[in-house]
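Please find below a colleague's note on the structure under review. The points are numbered so that each may be checked separately.

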Amino acid sequence: MPNTEFSSENDTAGARPAVMSEPTGEQRAAITALIDSIRPVSEDLGDRFAAQDRQLAVVGGPVRDALLGRESNDVDLTTDAVPQSILELVDGWADSVWTVGIEFGTVGLRKKGLQVEITTYRSEAYSPKSRKPEVSYGTDIQDDLLRRDFTVNAMAVRLPSGEFVDPFGGLADLRDQVLRTPGRPEDSFSDDPLRIMRAVRFAAQLGFTLAPEVAEAARDMADRLTIVSAERIRDELTKLMLSRDPRRGIELMVDLGIADHVLPEIPRMRLEIDEHHRHKDVYEHSLTVLDQAMDLERARGHEPDLVLRLAALLHDIGKPKTRAFEGGNRVTFHHHEVVGASMSRKRLTALRFPKDVVTQVGHLVALHLRFHGYGKGEWTDSAVRRYARDAGELIEQLHILTRADCTTRNRRKAAALSRSYDDIERRITELAEQEQLDRIRPDLDGNEIQEILGVEPGPQIGKAYRFLLELRLENGPMDKEAAAAELRSWAAEHLE
(Lines give C-alpha, C1' and ligand atoms only; values in the text may rest on other atoms or scores of the structure.)
Protein backbone atom coordinates (compact mmCIF):
# COMPACT_ATOMS: atom_id res chain seq x y z
CA MET A 1 0.00 0.00 0.00
CA PRO A 2 1.32 3.51 -0.81
CA ASN A 3 2.51 5.70 2.00
CA THR A 4 -0.45 7.99 2.70
CA GLU A 5 1.29 10.25 5.18
CA PHE A 6 -0.35 13.57 6.00
CA SER A 7 1.29 16.77 4.81
CA SER A 8 0.38 19.33 7.46
CA GLU A 9 2.45 22.43 6.67
CA ASN A 10 0.21 25.47 6.69
CA ASP A 11 2.26 28.63 6.63
CA THR A 12 0.86 30.09 3.42
CA ALA A 13 0.04 33.75 3.90
CA GLY A 14 -3.68 34.52 3.90
CA ALA A 15 -4.80 30.90 4.29
CA ARG A 16 -7.21 30.03 7.07
CA PRO A 17 -5.95 27.70 9.83
CA ALA A 18 -6.54 24.13 8.74
CA VAL A 19 -8.60 21.75 10.83
CA MET A 20 -6.57 18.59 10.44
CA SER A 21 -8.23 15.21 10.18
CA GLU A 22 -6.74 11.77 9.58
CA PRO A 23 -8.17 9.66 6.75
CA THR A 24 -10.19 6.71 7.91
CA GLY A 25 -9.15 3.21 6.94
CA GLU A 26 -11.83 3.23 4.27
CA GLN A 27 -10.55 6.54 2.90
CA ARG A 28 -6.95 5.28 2.84
CA ALA A 29 -8.17 2.27 0.88
CA ALA A 30 -9.94 4.67 -1.51
CA ILE A 31 -6.69 6.57 -2.08
CA THR A 32 -4.90 3.31 -2.83
CA ALA A 33 -7.68 2.32 -5.24
CA LEU A 34 -7.38 5.71 -6.96
CA ILE A 35 -3.65 5.21 -7.51
CA ASP A 36 -4.23 1.67 -8.78
CA SER A 37 -6.91 2.87 -11.19
CA ILE A 38 -4.60 5.29 -13.02
CA ARG A 39 -1.68 2.97 -13.64
CA PRO A 40 0.67 3.24 -15.51
CA VAL A 41 0.44 7.00 -14.88
CA SER A 42 0.76 6.63 -11.12
CA GLU A 43 3.95 4.55 -11.39
CA ASP A 44 5.69 4.94 -14.75
CA LEU A 45 4.98 8.64 -15.21
CA GLY A 46 5.57 9.37 -11.54
CA ASP A 47 8.97 7.68 -11.80
CA ARG A 48 9.85 9.65 -14.96
CA PHE A 49 9.11 12.96 -13.22
CA ALA A 50 10.92 11.94 -10.04
CA ALA A 51 14.01 10.91 -12.03
CA GLN A 52 14.23 14.50 -13.30
CA ASP A 53 13.65 15.87 -9.78
CA ARG A 54 10.14 17.02 -10.73
CA GLN A 55 7.02 16.74 -8.59
CA LEU A 56 3.80 15.11 -9.79
CA ALA A 57 0.49 14.63 -7.98
CA VAL A 58 -3.11 13.73 -8.73
CA VAL A 59 -5.19 16.62 -7.48
CA GLY A 60 -8.68 18.07 -7.02
CA GLY A 61 -11.84 16.34 -8.13
CA PRO A 62 -10.48 12.79 -8.52
CA VAL A 63 -9.12 12.86 -4.95
CA ARG A 64 -12.32 14.36 -3.54
CA ASP A 65 -14.52 11.85 -5.36
CA ALA A 66 -12.37 8.89 -4.29
CA LEU A 67 -12.72 9.95 -0.65
CA LEU A 68 -16.48 10.33 -1.10
CA GLY A 69 -16.79 6.95 -2.79
CA ARG A 70 -17.96 8.60 -6.02
CA GLU A 71 -16.88 7.64 -9.50
CA SER A 72 -14.74 10.13 -11.39
CA ASN A 73 -13.79 10.06 -15.04
CA ASP A 74 -11.21 12.83 -14.73
CA VAL A 75 -7.49 12.35 -14.13
CA ASP A 76 -6.08 15.76 -13.20
CA LEU A 77 -2.40 15.98 -12.34
CA THR A 78 -0.31 18.92 -11.17
CA THR A 79 3.43 19.48 -11.32
CA ASP A 80 6.21 22.02 -10.78
CA ALA A 81 7.42 21.33 -14.34
CA VAL A 82 6.62 24.06 -16.86
CA PRO A 83 4.66 23.00 -19.98
CA GLN A 84 7.74 22.63 -22.20
CA SER A 85 9.35 20.35 -19.61
CA ILE A 86 6.13 18.32 -19.40
CA LEU A 87 6.23 17.80 -23.16
CA GLU A 88 9.83 16.62 -22.93
CA LEU A 89 9.05 14.24 -20.04
CA VAL A 90 6.13 12.54 -21.81
CA ASP A 91 7.79 12.44 -25.22
CA GLY A 92 8.12 8.83 -26.32
CA TRP A 93 6.05 7.58 -23.39
CA ALA A 94 2.53 8.91 -24.08
CA ASP A 95 0.50 7.34 -26.89
CA SER A 96 -0.69 10.81 -27.91
CA VAL A 97 -0.27 14.38 -26.69
CA TRP A 98 -2.27 17.58 -27.26
CA THR A 99 -1.56 21.17 -26.31
CA VAL A 100 -4.92 22.91 -26.63
CA GLY A 101 -4.64 24.31 -23.08
CA ILE A 102 -0.89 24.92 -23.03
CA GLU A 103 -1.45 28.69 -22.88
CA PHE A 104 -2.84 28.11 -19.39
CA GLY A 105 -0.19 25.59 -18.41
CA THR A 106 -2.07 22.40 -19.30
CA VAL A 107 -0.83 19.48 -21.42
CA GLY A 108 -3.15 16.60 -22.29
CA LEU A 109 -2.08 13.04 -23.03
CA ARG A 110 -3.40 9.54 -23.51
CA LYS A 111 -1.72 6.33 -22.35
CA LYS A 112 -3.27 2.89 -22.80
CA GLY A 113 -6.77 4.37 -23.03
CA LEU A 114 -6.31 6.62 -20.00
CA GLN A 115 -6.78 10.33 -20.71
CA VAL A 116 -4.83 12.69 -18.46
CA GLU A 117 -4.33 16.44 -18.07
CA ILE A 118 -1.16 17.75 -16.42
CA THR A 119 -1.11 21.38 -15.28
CA THR A 120 1.84 23.34 -13.99
CA TYR A 121 1.49 24.76 -10.47
CA ARG A 122 -0.10 28.11 -11.13
CA SER A 123 -2.15 31.00 -9.96
CA GLU A 124 -4.85 32.80 -11.94
CA ALA A 125 -6.20 36.30 -11.56
CA TYR A 126 -8.77 38.36 -13.46
CA SER A 127 -8.29 42.09 -13.80
CA PRO A 128 -11.48 44.02 -12.95
CA LYS A 129 -12.75 44.16 -16.54
CA SER A 130 -11.04 41.14 -18.09
CA ARG A 131 -12.72 37.93 -19.23
CA LYS A 132 -9.38 36.06 -19.47
CA PRO A 133 -7.19 35.19 -16.49
CA GLU A 134 -3.55 36.13 -16.12
CA VAL A 135 -1.61 32.94 -15.38
CA SER A 136 1.64 32.72 -13.45
CA TYR A 137 3.54 29.51 -12.69
CA GLY A 138 4.68 28.33 -9.26
CA THR A 139 7.09 25.86 -7.73
CA ASP A 140 5.29 24.68 -4.59
CA ILE A 141 2.28 22.39 -4.39
CA GLN A 142 0.92 24.15 -1.32
CA ASP A 143 0.79 27.45 -3.19
CA ASP A 144 -0.97 25.65 -6.04
CA LEU A 145 -3.53 24.14 -3.67
CA LEU A 146 -4.11 27.56 -2.11
CA ARG A 147 -5.37 28.88 -5.44
CA ARG A 148 -7.95 26.07 -5.75
CA ASP A 149 -11.61 26.95 -5.40
CA PHE A 150 -12.55 25.00 -2.26
CA THR A 151 -10.69 23.06 0.40
CA VAL A 152 -12.39 19.81 -0.64
CA ASN A 153 -10.75 20.32 -4.04
CA ALA A 154 -7.41 21.36 -2.52
CA MET A 155 -6.20 17.87 -1.63
CA ALA A 156 -3.59 15.90 -3.56
CA VAL A 157 -1.82 12.55 -3.69
CA ARG A 158 1.85 12.65 -4.65
CA LEU A 159 3.07 10.24 -7.31
CA PRO A 160 4.57 7.74 -7.19
CA SER A 161 4.85 7.76 -3.35
CA GLY A 162 1.12 8.00 -2.57
CA GLU A 163 1.64 10.71 0.05
CA PHE A 164 -1.66 12.41 0.88
CA VAL A 165 -1.42 16.23 0.93
CA ASP A 166 -4.10 18.30 2.68
CA PRO A 167 -2.72 21.62 3.97
CA PHE A 168 -6.09 23.40 4.26
CA GLY A 169 -8.30 20.90 6.06
CA GLY A 170 -10.22 19.61 3.06
CA LEU A 171 -10.73 16.22 4.64
CA ALA A 172 -12.40 17.77 7.69
CA ASP A 173 -14.66 19.89 5.47
CA LEU A 174 -15.46 16.80 3.43
CA ARG A 175 -16.55 15.08 6.62
CA ASP A 176 -18.64 18.11 7.68
CA GLN A 177 -20.05 18.53 4.16
CA VAL A 178 -19.19 22.21 4.00
CA LEU A 179 -17.66 24.31 1.22
CA ARG A 180 -14.87 26.62 2.34
CA THR A 181 -12.11 28.33 0.41
CA PRO A 182 -8.42 27.65 1.21
CA GLY A 183 -7.83 31.39 1.65
CA ARG A 184 -10.21 34.32 1.96
CA PRO A 185 -13.31 33.75 -0.18
CA GLU A 186 -13.14 37.34 -1.40
CA ASP A 187 -9.68 36.65 -2.83
CA SER A 188 -10.78 33.35 -4.34
CA PHE A 189 -13.87 34.84 -6.03
CA SER A 190 -11.89 37.83 -7.21
CA ASP A 191 -9.29 35.55 -8.82
CA ASP A 192 -12.02 33.69 -10.72
CA PRO A 193 -15.64 34.88 -10.32
CA LEU A 194 -16.93 31.65 -11.88
CA ARG A 195 -16.20 30.06 -8.50
CA ILE A 196 -19.36 31.76 -7.26
CA MET A 197 -21.32 29.56 -9.69
CA ARG A 198 -19.18 26.55 -8.81
CA ALA A 199 -20.12 27.00 -5.15
CA VAL A 200 -23.84 26.60 -5.82
CA ARG A 201 -23.15 23.83 -8.34
CA PHE A 202 -21.17 21.80 -5.79
CA ALA A 203 -23.90 22.41 -3.20
CA ALA A 204 -26.41 20.88 -5.62
CA GLN A 205 -24.09 18.12 -6.78
CA LEU A 206 -22.66 17.02 -3.43
CA GLY A 207 -25.37 18.12 -1.02
CA PHE A 208 -22.91 20.38 0.84
CA THR A 209 -23.64 23.70 2.56
CA LEU A 210 -21.74 26.93 2.03
CA ALA A 211 -19.68 28.21 4.94
CA PRO A 212 -21.16 31.54 6.16
CA GLU A 213 -18.18 33.55 4.93
CA VAL A 214 -18.40 31.88 1.51
CA ALA A 215 -22.12 32.64 1.19
CA GLU A 216 -21.56 36.24 2.25
CA ALA A 217 -18.74 36.76 -0.26
CA ALA A 218 -20.82 35.15 -3.03
CA ARG A 219 -23.68 37.54 -2.28
CA ASP A 220 -21.44 40.60 -2.16
CA MET A 221 -19.53 39.70 -5.34
CA ALA A 222 -22.25 38.16 -7.52
CA ASP A 223 -22.06 41.01 -10.00
CA ARG A 224 -18.47 39.93 -10.83
CA LEU A 225 -20.06 37.11 -12.86
CA THR A 226 -20.73 39.67 -15.58
CA ILE A 227 -17.07 39.46 -16.68
CA VAL A 228 -17.20 35.66 -17.08
CA SER A 229 -17.93 34.28 -20.53
CA ALA A 230 -21.44 32.97 -21.20
CA GLU A 231 -19.97 29.61 -22.22
CA ARG A 232 -18.31 29.05 -18.83
CA ILE A 233 -21.48 30.02 -16.96
CA ARG A 234 -23.52 27.74 -19.24
CA ASP A 235 -21.26 24.79 -18.45
CA GLU A 236 -21.66 25.31 -14.69
CA LEU A 237 -25.42 25.76 -15.03
CA THR A 238 -25.62 22.55 -17.08
CA LYS A 239 -23.77 20.59 -14.39
CA LEU A 240 -26.04 22.11 -11.74
CA MET A 241 -29.20 21.18 -13.64
CA LEU A 242 -27.97 17.61 -14.14
CA SER A 243 -26.99 17.23 -10.48
CA ARG A 244 -28.88 15.21 -7.90
CA ASP A 245 -30.54 18.31 -6.40
CA PRO A 246 -30.77 21.23 -8.84
CA ARG A 247 -33.47 22.85 -6.70
CA ARG A 248 -30.88 23.41 -3.97
CA GLY A 249 -28.57 25.14 -6.42
CA ILE A 250 -31.33 27.31 -7.93
CA GLU A 251 -32.53 28.39 -4.48
CA LEU A 252 -28.98 29.39 -3.53
CA MET A 253 -28.61 31.31 -6.79
CA VAL A 254 -31.79 33.24 -6.05
CA ASP A 255 -31.12 33.79 -2.34
CA LEU A 256 -27.57 35.03 -2.96
CA GLY A 257 -28.48 37.27 -5.89
CA ILE A 258 -26.52 35.13 -8.36
CA ALA A 259 -29.59 34.40 -10.49
CA ASP A 260 -30.00 38.13 -11.15
CA HIS A 261 -26.90 37.88 -13.35
CA VAL A 262 -27.44 34.38 -14.81
CA LEU A 263 -31.19 33.61 -14.94
CA PRO A 264 -32.92 36.86 -13.96
CA GLU A 265 -36.30 35.48 -15.05
CA ILE A 266 -36.27 33.02 -12.13
CA PRO A 267 -36.31 35.49 -9.20
CA ARG A 268 -38.89 37.54 -11.09
CA MET A 269 -41.30 34.63 -10.73
CA ARG A 270 -41.56 35.35 -7.00
CA LEU A 271 -44.83 37.21 -7.47
CA GLU A 272 -46.10 39.04 -4.45
CA ILE A 273 -48.78 37.02 -2.66
CA ASP A 274 -51.72 39.40 -2.41
CA GLU A 275 -53.95 39.56 0.64
CA HIS A 276 -56.64 37.46 -1.03
CA HIS A 277 -54.16 34.71 -2.06
CA ARG A 278 -55.51 34.81 -5.56
CA HIS A 279 -52.55 33.07 -7.20
CA LYS A 280 -49.73 30.66 -6.49
CA ASP A 281 -46.13 31.63 -5.93
CA VAL A 282 -44.90 30.85 -9.45
CA TYR A 283 -41.30 30.47 -8.27
CA GLU A 284 -42.10 27.78 -5.69
CA HIS A 285 -44.45 26.10 -8.13
CA SER A 286 -41.71 25.93 -10.77
CA LEU A 287 -39.24 24.37 -8.33
CA THR A 288 -41.86 21.79 -7.34
CA VAL A 289 -42.48 21.00 -11.01
CA LEU A 290 -38.72 20.51 -11.45
CA ASP A 291 -38.64 18.10 -8.49
CA GLN A 292 -41.65 16.16 -9.76
CA ALA A 293 -40.27 15.99 -13.30
CA MET A 294 -37.06 14.47 -11.90
CA ASP A 295 -39.07 11.94 -9.88
CA LEU A 296 -40.94 10.90 -13.03
CA GLU A 297 -37.71 10.89 -15.02
CA ARG A 298 -36.24 8.35 -12.59
CA ALA A 299 -39.48 6.35 -12.27
CA ARG A 300 -39.61 5.90 -16.04
CA GLY A 301 -36.00 4.75 -16.15
CA HIS A 302 -34.53 7.79 -17.93
CA GLU A 303 -31.10 9.33 -17.45
CA PRO A 304 -30.95 12.97 -16.25
CA ASP A 305 -32.38 15.05 -19.10
CA LEU A 306 -31.13 18.64 -19.47
CA VAL A 307 -33.92 19.66 -21.88
CA LEU A 308 -36.66 18.33 -19.63
CA ARG A 309 -35.21 19.91 -16.49
CA LEU A 310 -34.70 23.30 -18.10
CA ALA A 311 -38.24 23.19 -19.49
CA ALA A 312 -39.62 22.31 -16.04
CA LEU A 313 -37.76 25.22 -14.45
CA LEU A 314 -38.67 27.73 -17.17
CA HIS A 315 -42.16 26.61 -18.19
CA ASP A 316 -43.90 29.48 -16.37
CA ILE A 317 -41.38 32.31 -16.83
CA GLY A 318 -43.91 34.09 -19.03
CA LYS A 319 -46.36 34.54 -16.15
CA PRO A 320 -44.96 37.77 -14.65
CA LYS A 321 -45.25 39.49 -18.05
CA THR A 322 -48.79 38.24 -18.69
CA ARG A 323 -50.33 38.58 -15.23
CA ALA A 324 -53.63 40.46 -15.24
CA PHE A 325 -56.27 41.05 -12.55
CA GLU A 326 -59.87 40.53 -13.54
CA GLY A 327 -63.23 40.73 -11.85
CA GLY A 328 -64.22 38.27 -9.15
CA ASN A 329 -60.76 38.24 -7.58
CA ARG A 330 -59.38 36.40 -10.60
CA VAL A 331 -55.78 36.53 -11.80
CA THR A 332 -55.02 35.42 -15.35
CA PHE A 333 -51.86 34.67 -17.31
CA HIS A 334 -53.23 34.50 -20.85
CA HIS A 335 -50.76 33.16 -23.44
CA HIS A 336 -47.97 32.88 -20.88
CA GLU A 337 -46.83 29.70 -22.62
CA VAL A 338 -46.22 31.63 -25.86
CA VAL A 339 -44.43 34.46 -24.08
CA GLY A 340 -42.50 31.99 -21.94
CA ALA A 341 -41.33 30.01 -24.97
CA SER A 342 -39.91 33.18 -26.50
CA MET A 343 -38.27 34.23 -23.22
CA SER A 344 -36.71 30.82 -22.64
CA ARG A 345 -35.25 30.74 -26.14
CA LYS A 346 -33.82 34.24 -25.70
CA ARG A 347 -32.22 33.46 -22.34
CA LEU A 348 -30.75 30.09 -23.36
CA THR A 349 -29.39 31.62 -26.55
CA ALA A 350 -27.70 34.37 -24.52
CA LEU A 351 -26.12 31.64 -22.39
CA ARG A 352 -24.80 29.98 -25.57
CA PHE A 353 -26.71 26.74 -25.19
CA PRO A 354 -26.68 24.57 -28.33
CA LYS A 355 -29.39 25.41 -30.85
CA ASP A 356 -31.14 22.06 -30.44
CA VAL A 357 -31.41 22.56 -26.67
CA VAL A 358 -32.76 26.09 -27.15
CA THR A 359 -35.33 24.91 -29.71
CA GLN A 360 -36.47 21.88 -27.73
CA VAL A 361 -36.85 23.72 -24.41
CA GLY A 362 -38.81 26.49 -26.12
CA HIS A 363 -41.04 23.92 -27.83
CA LEU A 364 -41.85 22.15 -24.55
CA VAL A 365 -42.64 25.46 -22.84
CA ALA A 366 -44.96 26.38 -25.72
CA LEU A 367 -46.78 23.03 -25.50
CA HIS A 368 -47.00 22.57 -21.74
CA LEU A 369 -50.61 23.82 -21.49
CA ARG A 370 -51.97 22.03 -24.56
CA PHE A 371 -53.23 19.00 -22.61
CA HIS A 372 -55.55 21.07 -20.40
CA GLY A 373 -58.14 21.17 -23.16
CA TYR A 374 -58.41 17.38 -23.05
CA GLY A 375 -60.89 17.35 -20.17
CA LYS A 376 -62.17 13.83 -19.52
CA GLY A 377 -61.27 12.59 -22.97
CA GLU A 378 -63.28 14.87 -25.22
CA TRP A 379 -60.54 15.08 -27.85
CA THR A 380 -61.12 13.33 -31.13
CA ASP A 381 -58.50 10.96 -32.51
CA SER A 382 -57.40 13.72 -34.89
CA ALA A 383 -56.76 16.07 -31.94
CA VAL A 384 -54.71 13.37 -30.22
CA ARG A 385 -52.76 12.83 -33.44
CA ARG A 386 -52.02 16.55 -33.65
CA TYR A 387 -50.88 16.63 -30.03
CA ALA A 388 -48.42 13.82 -30.66
CA ARG A 389 -47.36 15.17 -34.05
CA ASP A 390 -46.66 18.64 -32.64
CA ALA A 391 -44.58 17.16 -29.80
CA GLY A 392 -42.69 14.92 -32.21
CA GLU A 393 -39.57 13.39 -30.68
CA LEU A 394 -40.26 15.34 -27.47
CA ILE A 395 -43.47 13.46 -26.70
CA GLU A 396 -42.00 11.59 -23.71
CA GLN A 397 -40.59 14.80 -22.22
CA LEU A 398 -43.97 16.47 -22.78
CA HIS A 399 -45.71 13.59 -20.98
CA ILE A 400 -43.41 14.06 -17.98
CA LEU A 401 -43.59 17.87 -17.96
CA THR A 402 -47.37 17.93 -18.19
CA ARG A 403 -47.77 15.42 -15.38
CA ALA A 404 -45.20 17.25 -13.24
CA ASP A 405 -47.05 20.54 -13.76
CA CYS A 406 -49.87 19.31 -11.54
CA THR A 407 -48.98 20.65 -8.07
CA THR A 408 -52.49 21.01 -6.63
CA ARG A 409 -53.04 19.83 -3.06
CA ASN A 410 -56.59 18.83 -3.98
CA ARG A 411 -56.22 15.05 -4.16
CA ARG A 412 -59.44 14.55 -6.09
CA LYS A 413 -58.41 17.07 -8.75
CA ALA A 414 -54.88 15.63 -8.95
CA ALA A 415 -56.25 12.10 -9.36
CA ALA A 416 -58.63 13.24 -12.10
CA LEU A 417 -55.80 14.93 -14.01
CA SER A 418 -53.65 11.83 -13.67
CA ARG A 419 -56.43 9.59 -15.01
CA SER A 420 -56.97 11.93 -17.96
CA TYR A 421 -53.30 11.88 -18.81
CA ASP A 422 -53.18 8.11 -18.46
CA ASP A 423 -55.96 8.07 -21.05
CA ILE A 424 -54.24 10.34 -23.56
CA GLU A 425 -50.98 8.39 -23.25
CA ARG A 426 -52.91 5.17 -23.87
CA ARG A 427 -54.59 6.63 -26.94
CA ILE A 428 -51.31 7.95 -28.34
CA THR A 429 -49.73 4.54 -27.89
CA GLU A 430 -52.64 2.80 -29.61
CA LEU A 431 -52.68 5.26 -32.50
CA ALA A 432 -48.93 4.96 -32.87
CA GLU A 433 -49.20 1.20 -33.09
CA GLN A 434 -51.97 1.49 -35.67
CA GLU A 435 -50.50 4.17 -37.85
CA GLN A 436 -46.84 4.59 -36.88
CA LEU A 437 -47.79 8.03 -35.64
CA ASP A 438 -44.27 9.39 -35.51
CA ARG A 439 -43.98 8.94 -39.29
CA ILE A 440 -47.39 10.15 -40.46
CA ARG A 441 -47.35 11.22 -44.08
CA PRO A 442 -50.18 12.10 -46.49
CA ASP A 443 -51.59 9.20 -48.46
CA LEU A 444 -50.17 10.71 -51.67
CA ASP A 445 -46.60 11.93 -52.17
CA GLY A 446 -45.47 15.03 -54.06
CA ASN A 447 -45.05 13.24 -57.40
CA GLU A 448 -48.52 11.73 -57.20
CA ILE A 449 -50.03 15.12 -56.35
CA GLN A 450 -48.36 16.66 -59.43
CA GLU A 451 -49.61 13.85 -61.65
CA ILE A 452 -53.21 13.98 -60.37
CA LEU A 453 -53.47 17.77 -60.57
CA GLY A 454 -51.35 18.14 -63.71
CA VAL A 455 -49.26 20.97 -62.22
CA GLU A 456 -45.55 21.71 -62.01
CA PRO A 457 -43.58 21.80 -58.73
CA GLY A 458 -44.28 24.97 -56.76
CA PRO A 459 -46.35 26.50 -53.93
CA GLN A 460 -49.55 24.76 -55.07
CA ILE A 461 -48.00 21.36 -54.37
CA GLY A 462 -47.15 22.47 -50.83
CA LYS A 463 -50.74 23.62 -50.24
CA ALA A 464 -52.08 20.33 -51.53
CA TYR A 465 -49.63 18.36 -49.39
CA ARG A 466 -50.72 20.21 -46.24
CA PHE A 467 -54.39 19.59 -47.10
CA LEU A 468 -53.75 15.85 -47.43
CA LEU A 469 -51.78 15.80 -44.18
CA GLU A 470 -54.68 17.41 -42.31
CA LEU A 471 -57.03 14.95 -44.00
CA ARG A 472 -54.89 12.05 -42.79
CA LEU A 473 -54.87 13.43 -39.25
CA GLU A 474 -58.65 13.82 -39.28
CA ASN A 475 -59.63 10.52 -40.89
CA GLY A 476 -56.66 8.21 -40.51
CA PRO A 477 -55.25 6.24 -43.48
CA MET A 478 -57.13 6.31 -46.79
CA ASP A 479 -56.61 4.32 -49.98
CA LYS A 480 -55.06 6.22 -52.87
CA GLU A 481 -58.25 6.40 -54.96
CA ALA A 482 -60.19 7.99 -52.11
CA ALA A 483 -57.32 10.37 -51.35
CA ALA A 484 -57.11 11.35 -55.04
CA ALA A 485 -60.85 12.06 -55.14
CA GLU A 486 -60.60 14.26 -52.04
CA LEU A 487 -57.62 16.05 -53.57
CA ARG A 488 -59.46 16.80 -56.83
CA SER A 489 -62.47 18.09 -54.94
CA TRP A 490 -60.28 20.34 -52.78
CA ALA A 491 -58.25 21.58 -55.77
CA ALA A 492 -61.38 22.56 -57.70
CA GLU A 493 -62.28 24.95 -54.87
CA HIS A 494 -58.87 26.16 -53.70
CA LEU A 495 -56.52 26.11 -56.68
CA GLU A 496 -56.71 28.05 -59.90
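Predicted model: local features only at pLDDT ≥ 70, side-chain atom pairs only at ≥ 80, totals over all residues.

1. Geometry of helix H13. This helix runs over residues 282-299 and has 18 residues.

2. Ends of helix H13. At its start, the backbone nitrogen of Tyr283 has a side-chain oxygen of Asp281 within 3.0 Å. Just after the helix, Gly301 adopts a positive phi of about 80 degrees.

3. Surroundings of helix H13. Its buried residues include Val282, Tyr283, Leu287, Val289, Leu290, Ala293 and Met294, and also the polar side chains of His285, Ser286 and Glu297. What do the buried residues of H13 pack against? Their partners are helix H10 (230-241), helix H11 (246-255), helix H14 (306-314), helix H15 (319-322) and helix H19 (395-404). As general background, nonpolar side chains in soluble globular proteins tend to be buried together.

4. Nonpolar cores. The largest nonpolar core comprises 115 residues, and the residues with the most contacts inside it are Leu45, Leu77, Ile118, Met253, Ile258 and Ile266. Helix H8 (residues 194-206) supplies the largest share of this core, namely 9 residues. Another core, of 14 residues, lies apart from it, with Ala464, Leu487, Trp490 and Ala491 among its members.

5. Setting aside residues up to four places away in sequence, Ile266 touches Ile250, Val254, Tyr283, Leu313, Leu314 and Ile317. Of these, Tyr283 is also one of the buried residues of H13.

6. The model holds 38 salt bridges. In one of them the side chains of Asp291 and Arg247 meet, at 2.8 Å from N to O. Asp291 belongs to helix H13 and Arg247 to helix H11, so this pair ties together parts 44 residues apart in sequence. Are the two partners buried or exposed? Asp291 has 25% relative accessibility and counts as partly exposed, whereas Arg247, at 16%, is buried because the cut-off for burial is under 20%.

7. Salt bridge between Arg180 and Glu213. These side chains meet at 3.3 Å, N to O. The pair links distant parts of the chain, 33 residues apart: Arg180 is in the loop between strand E11 (178-179) and helix H7 (185-191), and Glu213 is in helix H9 (residues 212-221). Arg180 is partly exposed, with a relative accessible area of 25%, and Glu213 is partly exposed at 29%.

8. Glu430 pairs with Arg426, the closest N and O atoms being 3.2 Å apart. Both residues lie in helix H20 (residues 411-435), 4 residues apart, which is about one turn of the helix. In general, an α-helix has 3.6 residues a turn, so residues three or four places apart point the same way. Glu430 is partly exposed at 34%, as is Arg426 at 40% relative accessibility. Elsewhere, salt bridges with shared partners join Arg300, Glu396, Arg403, Asp422 and Glu425 into one network.

9. Which residues does Arg347 contact, leaving aside neighbours within four places in sequence? They are Val262, Leu263, Pro264 and Glu265. Arg347 and Leu263 are 84 residues apart in sequence, yet their C-alpha atoms are 7.5 Å apart in space.

10. Most residues other than glycine have a negative phi, and most peptide bonds are trans. The bond from Arg39 to Pro40 is cis, with omega near 10 degrees, and Pro40 lies in the loop between helix H1 (25-37) and helix H2 (41-51). A cis bond also joins Leu159 and Pro160, with omega about 10 degrees; Pro160 is in the loop between strand E9 (156-158) and strand E10 (164-165). Asp53 has a positive phi near 60 degrees, sits in the loop between H2 and strand E2 (56-59), and is exposed at 67%. Arg352 has a positive phi of about 65 degrees, lies in the loop between H16 and helix H17 (355-367), and counts as partly exposed at 45%.

Note on methods:
Residues numbered from 1 in each chain as written. Heavy atoms only, no water. Helix = DSSP H or I, 4+ residues; strand = E, 2+ residues; numbered from the N terminus. Expected span 1.5 Å × (residues − 1). Buried < 20%, exposed > 50% of the residue type's maximum accessible area, 1.4 Å probe, protein only. Contact = heavy atoms within 4.5 Å. Polar contact = N/O pair within 3.5 Å; in protein donor to acceptor, adjacent residues only side chain to side chain. Core = buried A, V, L, I, M, F, W, Y, C linked by side-chain atoms within 4.5 Å. Salt bridge = Lys/Arg side-chain N within 4 Å of Asp/Glu carboxyl O.
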